[in-house]
Amino acid sequence: MSNSSTDSSTCTTVALVESSTNPSGVQLVNTYHTNRVGDPGDLVALAQQVQKADEFVRANACNQLTVIAEQIRYLQEQARKVLQEAVKDADLHHVACNVVKKPGNIYYLYQRESGQRYFSILSPKEWGASCPHKFLGAFKLQHDMSWTEYKDIEKRDAEIAIIDKVLNQQAALPQCTEPNFQGLT
């Protein structure tokens, strides 16, 4: 048996439990309490409850999808930054250099009048007034073979130190199969 309640904007169908005079093969003496059609107000209340539940389900799904959309935008931005860094790092690795570049060292980028860019181990300060070419910037070669601009070296070194600290602490932690929220409260 299915009844519906209608208001001016939507139609909500309420599913009622099927009625039977012989449930599970047992004959009922009085089927009034199991098969009665209740107060019409009850049917309206049921329809309103179903409609409200539908609205909540839709709102929850919308909220969760909004969070996912924000995460996607964030991940797209992160991917864009990773690609930009990769292009910059590849470009710097292809700059002319007459020394073997070693991670942890700072290299100074210059440009000749011909347009050729090259790395030197001499800073503009070390060249003094006799600096032969246009200085473009200084970069530190990291151990992961990425390049860090001179102005960002201190910040990057601090980030690496924090990561090393976390990794060293993780190595000392016993394996745990349950979540550990220690320190979060």
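**A walk through the predicted model**

Lys140 has a relative accessibility of 14% and therefore counts as buried, since the cut-off for burial is under 20%. The model in which this residue sits is a predicted one.

Read from the N terminus, the elements run β-β-α-α-β-β-α-β-β-α. The protein has 185 residues, and 15% of them are buried. Its accessible surface comes to about 14,800 Å², and carbon and sulfur atoms account for 56% of that area. Among the contacts with a separation of 6 or more, 41% are between residues 24 or more positions apart.

The interior comes next. In soluble globular proteins, nonpolar side chains tend to be buried together. Here the largest nonpolar core has eight residues: Leu92, Val95, Tyr107, Leu109, Phe119, Phe139, Leu141 and Trp147. Two elements, strand E3 (106-111) and strand E5 (134-141), each give two or more residues to this core. Leu92 is one of the core members. Apart from neighbours within four places in sequence, Leu92 is in contact with Lys101, Leu109, Phe119, Phe139 and Trp147.

The whole structure contains six aromatic pairs. In one of them, the ring centres of Tyr107 and Phe119 are 6.1 Å apart and the ring planes stand at 65 degrees, so the pair is edge-to-face. Because Tyr107 lies in strand E3 and Phe119 in strand E4 (residues 117-120), this pair ties together parts that are 12 residues apart in sequence. Both Tyr107 and Phe119 are buried.

Phe119 also pairs with Trp147. The centres of these two rings are 4.8 Å apart and their planes are at 15 degrees, so this pair is stacked. Trp147 lies in strand E6 (residues 147-149) and Phe119 in strand E4, so the pair ties together parts that are 28 residues apart in sequence. Phe119 counts as buried because its relative accessible area is 4%. Trp147 has 2% relative accessibility and so counts as buried. Ring pairs link Tyr107, Phe119, Phe139 and Trp147 into a cluster.

Ser123 is in the loop between E4 and helix H3 (124-127). With 11% relative accessibility, Ser123 counts as buried. Beyond its neighbours within four places in sequence, Ser123 is in contact with Tyr108 and Tyr110. The other residue is Met145, in the loop between E5 and E6. Most residues other than glycine have a negative phi. Met145 has a positive phi, near 70 degrees. At 39% relative accessibility, Met145 counts as partly exposed.

Another joins the side chains of Asp89 and Lys88, with N and O 3.6 Å apart. Asp89 is buried because its relative accessible area is 12%, whereas Lys88, at 22%, is partly exposed. Together with Glu85, Lys88 and Asp89 are linked in a network of salt bridges. A further salt bridge is formed by Asp152 and Lys151, whose closest N and O atoms are 3.3 Å apart. Here Asp152 is partly exposed at 29% relative accessibility, and Lys151 is exposed at 64%.

Leu65, Ile68 and Ile72 make a nonpolar surface patch of about 280 Å². Ile72 is found in helix H2, which covers residues 40-93. Its relative accessible area is 44%, so Ile72 is partly exposed.

Technical notes
Residues are numbered from 1 along each chain as its sequence is written. This is a predicted model: local features need pLDDT of at least 70, side-chain atom pairs count only at pLDDT 80 or more; totals for chains, interfaces and linings use all residues. Side-chain values use heavy atoms; hydrogens and water are left out. Patches are made of residues with over 30% relative accessible area and no salt bridge: like charges are joined within 9 Å, nonpolar side chains (Val, Leu, Ile, Met, Phe, Trp, Tyr) within 5 Å. Accessible areas come from the Shrake-Rupley method with a 1.4 Å probe; for residues, only the protein chains shown count as cover. A salt bridge is a side-chain nitrogen of Lys or Arg within 4 Å of a carboxyl oxygen of Asp or Glu. Helices (H or I, at least four residues) and strands (E, at least two) are DSSP runs, numbered from the N terminus. Buried means under 20% relative accessible area, exposed over 50%, partly exposed in between (1.4 Å probe, protein chains only). A nonpolar core is a set of buried Ala, Val, Leu, Ile, Met, Phe, Trp, Tyr and Cys residues joined through side-chain atoms within 4.5 Å. Contact means heavy atoms within 4.5 Å. Rings of Phe, Tyr and Trp (its six-membered ring) pair if their centres lie within 6.5 Å; planes under 30 degrees apart count as stacked, over 60 as edge-to-face and the rest as tilted.
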